[in-house]
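Subject: Structure for you to look at

Hello,

Here is the structure I said I would pass on. Please open it first and keep it beside you while you read the notes below.

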Amino acid sequence: MKSLALLHASQLVTLAGPKRPRVGKELSELGIIRDGGMLIRDGKIDIVGKSDEIEKKSKDAEILDLGGRVALPGFVDAHTHLVFGGNRLEDFERRARGETYEQLAKAGGGIWSTVERTRAASEDELLKRAKKHAEWFLKCGTTTVEAKSGYGLTLDDELKILRVMQQLNRETPLEIVPTFLGAHAVPRDASPDEYVDLVINKILPRVAKEKLAEFCDVFCERGYFDVEQSRKIFTAARKLGLKLRGHVDQLTNSGGAKLMADLGATTADHLEKTDEQGIAALKAANVQPVLLPGSVYALGSTSYPRAREMIEAGLAVVLATDFNPGSSPTPSMPMILSLACTQMKMSPAEAITAATINAAYSLNRGDKIGSLEPGKLANFSVFDCEDYRELAYWFGISQTHAVYARGENVVRF
Ligand code: NIG
Ligand code: FE
């Protein structure tokens, strides 16, 4: 591969810093280089610095003039449900008329209706749809996503979804980190305990044996899986070598944050209803909170998680889209940055750190992605603005100019 020299970013937002997730004041330190540039060789970052220094060292390189735009690491989206069939337009319309997420689930909508459509779709159909979603993520400046199964709820259907992710990883430039979320809902024809047994004894061992997932997740919530059922599944998954992330305290404060802390999980996600005890438990166990304001917004709620308290407690906060057809139909990290600033009172710098380097660490990839530093993959996005704060400020309009994954131009506007 040829080398590529990027020159004249008004701000090269490097996120260079300690080799660990950022906390407290570090969340505001973006390592910005004005009139910055980078030399890229073989898909990796070789040198980062001022444009004039880079230019001197890039005699043989192809030059890419960024024309005073902002460049930052490709966003890392640490919580998505990327593979599913159909949509949830009926739920969307009924919620607009006042019904709640839980009411719709009881009335035959909700996760279950997406399970039916996902089961009915062939692997090829799901892959075709998933490719479209992957393209959306790339266009928003995201180069890595975590993706969960969870719309199959049988051995074969869960494996089908995980295989689609594997295929997607091979066939698109978006990097997919797979998570097994077999316990996303209880199937109609089983009792909760029967299904927990199936997940533990049949599905999880196959997923682990075929190396189809790096993480295991459970929807721990009233009407889904309680704390004890969730603990059983997580404990079995951990024994099989999977790391843990959990949907907890989204609709009710059920002690989910404390559970994730007890288990030594990698992340606890949602946390809309988590209180100060839950926050303290996460801190004591060094669990990263993954905040999903897109789902609060799209469900028409105002119960945003307590991001400021989490930052003040010293937690390495992550932001993600929660892209899914029911509660958060957006692949856009810039939209999430906007919500984080306007609704959760995070600063634009804190939000960007949470959506890049901290997210990368939450996916065990902090040494490869999430910042623009020598040795890391050349995953970066260029936006049509001069100041990084514009990413969170303008909303409802795409500012993406170009996206690169492993040094290859994958989106050009
Ligand atoms: O993260 N809460 C559980 N899972 C998803 C919603 C999935 C769906 O409604 O299809 C979430 O919000
Ligand atoms: Fe989710």
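The iron ion (ligand 2) is held by four protein donors: His-79, His-81 and His-247, each through NE2, and Asp-322 through OD. These donors lie 2.1 to 2.3 Å from the iron ion. Bear in mind that this is a predicted model.

Along the sequence, the donor residues of the iron ion follow the spacing H-x1-H-x165-H-x74-D. Distant parts of the chain are linked in this way: His-79 sits in the loop between strand E5 (75–77) and helix H2 (89–96), while Asp-322 sits in the loop between strand E12 (318–319) and H13. The two are 243 residues apart. His-79 and Asp-322 are both buried.

Next, ligand 1. There are 15 residues around ligand 1, and those that come nearest are Arg-88, Tyr-101, Tyr-151, Gln-250 and Ser-327.

- Tyr-101: an N or O atom of its side chain is 2.4 Å from an oxygen atom of ligand 1.
- His-184: a polar atom of its side chain is 2.9 Å from a nitrogen atom of ligand 1.
- His-81: an N or O atom of its side chain is 3.5 Å from an oxygen atom of ligand 1.

Ligand 1 on its own exposes 330 Å², and the protein buries 100% of that area.

Is Thr-114 buried or exposed? Thr-114 belongs to helix H4 (residues 110–120). Its relative accessible area is 1%, so Thr-114 counts as buried, the cut-off being under 20%. Leaving out residues up to four places away in sequence, Thr-114 touches Phe-84, Gly-85, Arg-88, Tyr-151 and Pro-325. Arg-88 and Tyr-151 are also among the residues that come nearest to ligand 1.

In soluble globular proteins, nonpolar side chains tend to be buried together. The largest nonpolar core here has 106 residues, and the members that touch the most others are Leu-82, Phe-180, Leu-204, Ile-233, Leu-319, Leu-337 and Met-346. Helix H13 (residues 333–344) contributes the most to this core, with eight residues.

Apart from neighbours within four places in sequence, Ile-233 is in contact with Ala-183, Val-196, Val-199, Ile-200, Leu-204, Cys-216 and Val-218.

Regards

Conventions
Residues numbered from 1 in each chain as written. Chains lettered and ligands numbered in written order. Predicted model: local features only at pLDDT ≥ 70, side-chain atom pairs only at ≥ 80, totals over all residues. Heavy atoms only, no water. Core = buried A, V, L, I, M, F, W, Y, C linked by side-chain atoms within 4.5 Å. Buried < 20%, exposed > 50% of the residue type's maximum accessible area, 1.4 Å probe, protein only. Helix = DSSP H or I, 4+ residues; strand = E, 2+ residues; numbered from the N terminus. Contact = heavy atoms within 4.5 Å. Donors = N, O, S within 2.8 Å, 3.2 Å for Na, K, Ca; no water. Near = heavy atom within 4 Å. Polar contact = N/O pair within 3.5 Å; in protein donor to acceptor, adjacent residues only side chain to side chain. Areas by Shrake-Rupley, 256 points an atom, 1.4 Å probe, with all protein chains shown as cover.
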